[in-house]
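User: I'm new to this one, and I'd like to go through it piece by piece. Could you show it to me?

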Amino acid sequence: MIHLDNVSKTYRSKEVLEPFTLTIREGSSVGIIGPNGAGKSTFLKLVASLDKPTSGKLSFDGKPYGKVVRRLRTEIGYVPQDIALYEELTVKEQIAFWRKLEKKKVDEDFLQKMIRMLRLDEVYSQRVDQLSGGWRRKVNLCVGLMRNPRICLLDEPTAGVDLAAKEDILAWLKQLHQEGRTLLYISHDWYELKKLSDEFLLFAERKPIFQGSQREWSEKRSTLIDRYGADQDLRRILEFS
Ligand SMILES: Nc1ncnc2c1ncn2[C@@H]1O[C@H](COP(=O)(O)OP(=O)(O)OP(=O)(O)O)[C@@H](O)[C@H]1O
């Protein structure tokens, strides 16, 4: 379980996230939504411990983040929105390269299953710079989740991929969730959000303004539109859901 208590984030003098408190349940699949610039990626980086909050505290299984740094590194997997791969390596070399850098011994069965599910074996000998966007995103996902993390943090894992690649990625993420892992992922696509999430987390106006099940979302949607509908981007998100 991850708990954020009164957490805020300011970059230089700009407050990007106002103080907020929330809990991520163990084993939940949380779809994070919100207009551009609402603070979703910043939130995910704080949870990934890639960035520190300006105020407030984060805890993991009841212990402050500062006391469980090693566990955070092994049990949390973070897949960034920007693809950071070595372009001149083949997919096979890429996987081998990142595998060597992992501190924890990589579970071979898990890795092979992920490669199969994402169909990466089909492009094993191709260089990354020759791959389409969808394949590159799959390789990025594979590298980010290689350590078989208990908690998977994904910043727009299907951005810019075609429908077939999207289905492969969603099927893999669904399986990870069904096996008990916690998923937190940012998406702008209601199709995948509804398919994969048991909870939605909506960010707007520099803070989370809704967290709840799909049923609670349906019940509160019109109240949210009444309250926040003046923000056109947010209104569209709510209306299209
Ligand atoms: N390292 C940084 N330094 C300064 N400002 C930053 C930094 N990272 C993010 N910001 C600012 O914080 C705000 C929130 O950014 P963030 O990327 O978290 O939003 P987002 O909801 O993920 O947006 P998007 O949907 O466009 O990815 C933006 O105004 C952004 O410019």
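Analyst: Here it is; please keep in mind that this is a predicted model. A place to begin is a pair of helices: α4, residues 108-117, packs with α6, residues 163-178, at an angle of about 145°, and their axes are 9 Å apart.

User: Which residues make the contact of α4 and α6?

Analyst: On the α4 side the contact is made by Phe-110, Lys-113, Met-114 and Met-117, while α6 brings Asp-168, Ala-171, Trp-172, Gln-175 and Leu-176.

User: Okay, on to the sheets. What is the order of the strands in the six-stranded one?

Analyst: The order is β6-β7-β8-β3-β9-β10, in an open sheet whose pairing is mixed. At its edges stand β6 (76-79) and β10 (207-212), each of which has a single partner strand, so one side of each is left without a neighbour in the sheet. From one strand to the next, the twist averages 15°.

User: How many bridges join β9 to β10?

Analyst: Five bridges join them, with β9 covering residues 199-204, and the two strands run antiparallel. Within this part of the sheet, Phe-203 stands opposite Pro-208 in β10.

User: Which helix packs on that sheet, and what does it touch?

Analyst: That is α8, residues 214-228, which touches β3 (29-33), β9 and β10, and the direction of α8 makes about 145° with that of β10.

User: And the four-stranded sheet, how is the pairing there, parallel or antiparallel?

Analyst: The pairing is antiparallel, and the strands of this open sheet follow the order β2-β1-β4-β5. Here β2 and β5 (63-64) are the edge strands, and because each has a single partner strand, one side of each is left without a neighbour in the sheet. Strand β4, residues 55-60, pairs with β5 over two bridges in the antiparallel sense, and Lys-63 in β5 is the bridge partner of Phe-60.

User: Switching topic to the ligand, which residues come nearest?

Analyst: There are 14 residues around the ligand, and of these Lys-14, Gly-37, Lys-40, Ser-41 and Thr-42 come nearest. Looking at side chains, an N or O atom of Thr-42 is 2.5 Å from an oxygen atom of the ligand, an N or O atom of Lys-40 is 2.8 Å from a ligand oxygen atom, and a polar atom of Asn-36 lies 3.0 Å from a ligand oxygen atom.

User: How much of the ligand's accessible area does the protein cover?

Analyst: On its own the ligand has 640 Å² of accessible area, and the protein covers 67% of that. As for where the shell comes from, β2 (14-24) and α1 (40-47) are the elements that give two or more residues to it, and the largest share, three residues, comes from α1.

Technical notes. Residues are numbered from 1 along each chain as its sequence is written. This is a predicted model: local features need pLDDT of at least 70, side-chain atom pairs count only at pLDDT 80 or more; totals for chains, interfaces and linings use all residues. Side-chain values use heavy atoms; hydrogens and water are left out. Two strands pair if DSSP finds at least two bridges between them. Axes are lines fitted to C-alpha atoms, for helices over the stretch in contact, and angles run from 0 to 180 degrees between N-to-C directions. Contact means heavy atoms within 4.5 Å. A residue is near a molecule or strand if one of its heavy atoms lies within 4 Å of it. A polar contact is a pair of N or O atoms within 3.5 Å; within protein, one must be able to donate a hydrogen and the other to accept it, and residues adjacent in sequence count only if both atoms are side-chain atoms. Accessible areas come from the Shrake-Rupley method with a 1.4 Å probe; for residues, only the protein chains shown count as cover.
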